[in-house]
Amino acid sequence: MEKKIITARVLNIMQYEKHPKTNQELINENQIKSALEHKTIKQWAYIVHDKDDTRPHYHIYLNFGTSVDTKLVASWFGVADNFVNKIHGKKT
């Protein structure tokens with residue numbers, strides 16, 4: 001059974017820097033900066049969340065202005081597509 005294609009105009013990615021069990025790097029700032037060079041991204045913001053009690057992780061906000069496939073966006077950032085989520089509601 002094939003997975004449904006999910007598209008959205010505004011997306012959020014949350015990804016830990018390292019895998020909790022293997023300590024393998026999952027994402028880094030250079031990957032993020034490289035992925036943000038895609039011309040279809042109209043607005044973006046990201047932050048490393050590393051000052052609380054959880055493991056360091058990135059929050060990435062992406063606005064495309066038009067709908068894009070979440071699997072494609074996941075491939076740009078090198079993350080599994082389940083870490084790419086639609087943002088519901090109005091953009092503020």
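View 1. Strands here are DSSP E runs of at least two residues, helices are H or I runs of at least four, and both are numbered from the N terminus. The model is predicted: local features need pLDDT of at least 70, side-chain atom pairs count only at pLDDT 80 or more, and totals for chains, interfaces and linings use all residues. Residues are numbered from 1 along each chain as its sequence is written, and side-chain values use heavy atoms, leaving out hydrogens and water.

**View 2. Four strands form an open sheet in the order β2-β3-β1-β4.** The pairing is antiparallel; two strands pair if DSSP finds at least two bridges between them. Strands β2 (43-49) and β4 (84-86) stand at the edges. Each has a single partner strand, so one side of each is left without a neighbour in the sheet. On average, neighbouring strands are turned by 25° against each other, direction ignored.

**View 3. Helix α2 (residues 70-77) lies across β1 (7-16), β3 and β4.** The helix runs at about 140° to β3. Such angles run from 0 to 180 degrees between N-to-C directions, with axes fitted to C-alpha atoms, for helices over the stretch in contact. Contact means heavy atoms within 4.5 Å. Which residues of α2 are buried? They are Thr70, Val73, Ala74, Trp76 and Phe77. Their directions fall within an arc of 155° seen down the helix axis, so they line one face of α2. The arc is taken from the directions from the helix axis to the C-beta atoms. These buried residues pack against β1, α1, β3 and β4.

**View 4. Asp69 and Gly78 flank helix α2.** At the start of α2, a side-chain oxygen of Asp69 reaches to within 2.9 Å of the backbone nitrogen of Lys71. Gly78 follows the helix and has a positive phi, near 70°.

**View 5. Lys51 forms a salt bridge with Asp50.** Their closest N and O atoms are 3.7 Å apart. A salt bridge puts a side-chain nitrogen of Lys or Arg within 4 Å of a carboxyl oxygen of Asp or Glu. A search of the whole structure finds one. Lys51 counts as exposed, at 75% relative accessibility. Asp50 is partly exposed, at 37%. Buried means under 20% relative accessible area, exposed over 50%, and partly exposed in between (1.4 Å probe, protein chains only).

How values were computed
A polar contact is a pair of N or O atoms within 3.5 Å; within protein, one must be able to donate a hydrogen and the other to accept it, and residues adjacent in sequence count only if both atoms are side-chain atoms.
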